Protein chains: 2
Amino acid sequence: MKQKENILIIGAGLCGSLLALRLAQRGYNVTIYEMRPDLRKTDISSGRSINLAFSDRGNKAMKLVGLEDKVKSLCIPMHGRMIHDKQGNTLISNYSGRDYEFINSVSRGELNALLLSEAEKHENVTIYFNKKCKSVNFEKTTALFKDYESKTEFVEDADCIIATDGAGSVLRKSYYLGKKFLFSFSQNYLTHGYKELSILPTQTGDYKTYKNALHIWPRGDFMLIALPNLDGSFTVTLFLSYTQGKFNFNNLTTPEIVTEFFNQEFPDALKIMPNLVDDFFKNPTGTLGTIKCSPWHFKGNTLLMGDAAHAIVPFYGQGMNASFEDVVEFDAILEKHKGNWETVFVEYEKTRKKDTDAIADLAIDNFHEMRDHVGQAIFQEKRKIEITLEKEFPKEYASKYSLVTFNENIGYEEAMLKGRAQDKAILNLLSNKLISTNDNTSTILDKVKKETEVILNENRIAGL
Amino acid sequence: MKQKENILIIGAGLCGSLLALRLAQRGYNVTIYEMRPDLRKTDISSGRSINLAFSDRGNKAMKLVGLEDKVKSLCIPMHGRMIHDKQGNTLISNYSGRDYEFINSVSRGELNALLLSEAEKHENVTIYFNKKCKSVNFEKTTALFKDYESKTEFVEDADCIIATDGAGSVLRKSYYLGKKFLFSFSQNYLTHGYKELSILPTQTGDYKTYKNALHIWPRGDFMLIALPNLDGSFTVTLFLSYTQGKFNFNNLTTPEIVTEFFNQEFPDALKIMPNLVDDFFKNPTGTLGTIKCSPWHFKGNTLLMGDAAHAIVPFYGQGMNASFEDVVEFDAILEKHKGNWETVFVEYEKTRKKDTDAIADLAIDNFHEMRDHVGQAIFQEKRKIEITLEKEFPKEYASKYSLVTFNENIGYEEAMLKGRAQDKAILNLLSNKLISTNDNTSTILDKVKKETEVILNENRIAGL
């Protein structure tokens with residue numbers, strides 16, 4: 001194996017800084033170029049979400065690099081969704097029937113800072129900030145940068161270049177515009193956007209609403225969510241259509257209309273958001289898009305990772321977890337084929353892409369589920385049955401949500417196929433009155449397992 | 001209604017010339033700009049396929065503009081697939097159990113020439129050739145053209161611009177690069193390409209193999225097909241991976257290897273293709289891609305139609321038919337909302353896009369079906385049952401293929417949903433031994449209908 005190879009990473013976000021740390025642990029020379037200032041020294045929010053859901057797939061990556069405990073101290077457990085209706089009534093819906101399964105709210109900035117500092121502890125890691133990648137010459141394995149401080153441009157060479165530069169990836173753009181090979185690519189926007197707002201702490205620094213839940217105000221066509229921060233605040237996100245419905249981003253143009261909207265739809269939230277109007281008009285409206293592409297690599301020269309390869313919508317809370325899992329998967333394949341970057345890149349996409357495609361689709365499904373399904377009786381009955389099965393048969397049953405979120409040892413694709421079949425099985429059995437929530441739980445488990453097998457088998461025969 | 005509005009059409013291919021004709025019949029002033037020379041005066045093949053499958057959806061459009069009879073004279077009926085195995089044995093598999101349902105082979109050039117000439121009969125139609133659109137300013141409703149003859153550039157203004165400029169659409173590129181609105185877009189390439197070859201007529205001008213079929217040599221990972229032309233020749237197309245398998249486009253580099261490949265895999269075809277090597281190295285290798293995008297329109301200014309909005313792979317023989325159906329659907333909505341282009345464009349995409357998305361997906365399905373499924377016993381039994389049901393119950397049963405191809409009064413999406421459920425129903429019943437090909441046909445029909453309803457209902461409940 002050629003050691004001390006020079007790896008250039010574009011983007012020092014969550015995925016790039018974790019990748020740098022792991023490659024440094026493996027002994028590579030790593031240089032990262034980041035367009036933004038060092039977030040440990042400057043306050044930058046840059047329009048990306050402030051806190052994120054962190055769960056078992058992400059944690060698997062933290063274990064790999066030895067940071068599980070440090071990250072834990074940044075986490076606030078969220079055991080379930082706290083659902084708020086229009087009257088301000090709340091209902092807790094746990095994420096799992098197993099008490100030890102929960103997700104966490106974590107600050108993007110804190111986690112990113114930790115990863116950067118841990119990476120920088122390695123002498124074979126160099127991080128440059130304020131240097132924006134303008135284009136990548138993937139045939140020559142060079143990248144053109146603009147230094148925002150000196151206003152000059154320069155070209156960097158490397159043994160291989162890995163772009164972890166997010167949904168707007170410059171390497172991906174260079175693939176697309178280069179037209180040197182068949183590049184499959186999709187960008188699909190939802191007709192909804194999002195805006196970040198906040199619930200500030202009380203005067204004494206306490207949480208104004210229940211700390212250990214993901215709060216959700218589902219309203220059919222739109223919704224509000226809130227995740228806790230360590231400082232006692234919550235980051236609140238409004239998901240809303242740009243153009244459709246009585247209230248939408250295009251017509252929420254004055255403080256009066258915004259306040260009226262919240263007063264009608266989220267009165268209990270409004271009460272603890274005196275800063276609503278300020279936040280609303282200060283913060284940008286973000287887009288919600290899914291990006292898929294292929295191939296991720298060009299020969300053994302360049303590779304896309306994280307959001308650069310597969311940006312997803314946030315509705316499964318898996319964006320960061322998927323990017324962290326990328327690093328785990330990549331690391332395993334690097335271990336197997338190190339010394340041959342092209343083989344590593346080919347194998348990595350081959351094993352990984354089916355799973356990142358799956359989580360992209362699951363995240364879109366969940367957008368519809370959170371808006372349309374949570375209110376329907378049959379879906380609520382299904383959820384009740386799932387939670388009961390998980391409680392009574394913790395080793396035998398895991399819902400789709402649990403398979404995706406808490407079962408890091410199976411891939412997203414397998415979780416999706418099995419989880420969808422289970423969902424369909426329970427819905428079939430409920431709608432045909434073959435099970436009911438009052439039945440003996442062993443009988444329910446038995447029937448659900450059998451019906452799931454039938455569905456999976458029929459799909460196999462149909463070639464699905 | 002504002003009459004005598006000026007419509008600018010970019011691209012005088014099949015969709016553009018039909019659209020021009022229809023808009024001229026409605027009294028609009030139509031100007032078409034086409035980048036290629038006039039195909040009625042110059043022989044241009046331009047890398048696009050020479051003959052195409054023409055069926056009922058396309059014919060609906062010909063009826064609309066009064067050209068059904070003229071087009072019929074250009075058509076060669078193909079009643080089924082003639083399947084050739086490696087030993088040269090052949091088997092006819094009809095497209096339908098109903099004798100009057102068949103598809104047609106038609107020359108792209110002849111059909112396009114007819115549409116252009118019919119459009120030009122209207123004094124309110126002007127067609128310019130050798131003028132390439134370089135970009136569209138969709139905010140100003142102007143387009144920039146380069147005149148290939150005078151080498152000059154000029155800008156054209158119109159009341160609205162409709163781009164029917166194919167898979168490489170310049171208007172679509174202008175939408176994408178303009179970044180003036182959220183533009184969802186995907187281009188997905190298969191890892192297979194295609195190459196056109198030919199079976200020339202006999203010395204006496206006769207067909208060297210059976211005329212009235214679509215010939216197919218399915219070989220799992222690759223295949224050869226042939227469609228008849230009026231002059232006694234067949235246009236042959238090889239679909240093959242670029243890089244995978246023993247033989248692929250990347251390694252078919254010498255006359256010897258190409259001949260060896262055909263000798264091993266398609267010996268009966270090789271016997272009637274003495275010109276194989278010449279064709280192979282003269283003709284380009286084409287890519288197979290699917291393009292989807294949204295929105296198709298910008299305000300009431302510009303609109304994408306045909307392949308420009310939804311390019312599909314050729315495996316369902318629906319590319320041209322879908323583009324012709326675009327014009328029929330557009331015409332119906334124009335009739336309803338004429339005078340308000342924005343409403344027309346919005347409504348058109350709303351009613352049409354679900355169907356063009358469906359045929360894109362169906363075409364990909366058929367790629368797998370033709371390669372993988374046609375050889376499997378259970379799929380052959382399914383096909384046998386379908387043909388029997390169509391023969392015995394011509395008014396009560398239509399297979400997925402028939403729904404898509406011969407049932408122009410239901411949309412592609414409905415055809416897909418119903419067709420897929422029927423496929424799954426028959427496969428379920430066969431694999432669970434609840435029907436067999438020897439059963440009474442009324443019993444089979446009954447069971448298939450019931451199982452189809454169960455599947456459709458379960459999908460509805462699961463929100464699929």
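This passage looks at how chains A and B meet, then at one residue inside chain B. The model is a predicted one.

Starting with the interface, 24 residues of chain A touch 24 residues of chain B. Putting the two chains together buries about 2,200 Å², with 58% of that area on carbon and sulfur atoms. As for polar links, ten residue pairs make polar contact across the interface, both partners being at pLDDT 80 or more, while the salt-bridge count comes out at zero.

Several elements of chain A give two or more residues each to this side: strand E13 (184-199) and helices H12 (377-392), H14 (412-431) and H15 (441-461). The top contributor is E13(A), with seven residues. Sorted by class, the chain A side holds 13 nonpolar, nine polar and two charged residues. E13(A) also pairs up with strand E13 (residues 184-199) of chain B: three bridges join these strands, which run antiparallel. Within that pairing, A:Gln187 sits opposite B:Phe185 of E13(B).

Over in chain B, B:Asn321 is part of helix H10 (residues 319-337). Its relative accessible area is 0%, so B:Asn321 counts as buried. A polar atom of the B:Asn321 side chain lies 3.1 Å from the backbone nitrogen of B:Gly58. Setting aside neighbours within four places in sequence, B:Asn321 is in contact with B:Ala53, B:Phe54, B:Ser55, B:Arg57, B:Gly58 and B:Tyr412.

Conventions:
Residues numbered from 1 in each chain as written. Chains lettered and ligands numbered in written order. Predicted model: local features only at pLDDT ≥ 70, side-chain atom pairs only at ≥ 80, totals over all residues. Heavy atoms only, no water. Helix = DSSP H or I, 4+ residues; strand = E, 2+ residues; numbered from the N terminus. Buried < 20%, exposed > 50% of the residue type's maximum accessible area, 1.4 Å probe, protein only. Polar contact = N/O pair within 3.5 Å; in protein donor to acceptor, adjacent residues only side chain to side chain. Contact = heavy atoms within 4.5 Å. Buried area = accessible area lost by both parts, 1.4 Å probe. Salt bridge = Lys/Arg side-chain N within 4 Å of Asp/Glu carboxyl O. Nonpolar A, V, L, I, M, F, W, Y, C, P; charged D, E, K, R; others polar. Pairing = 2+ DSSP bridges.
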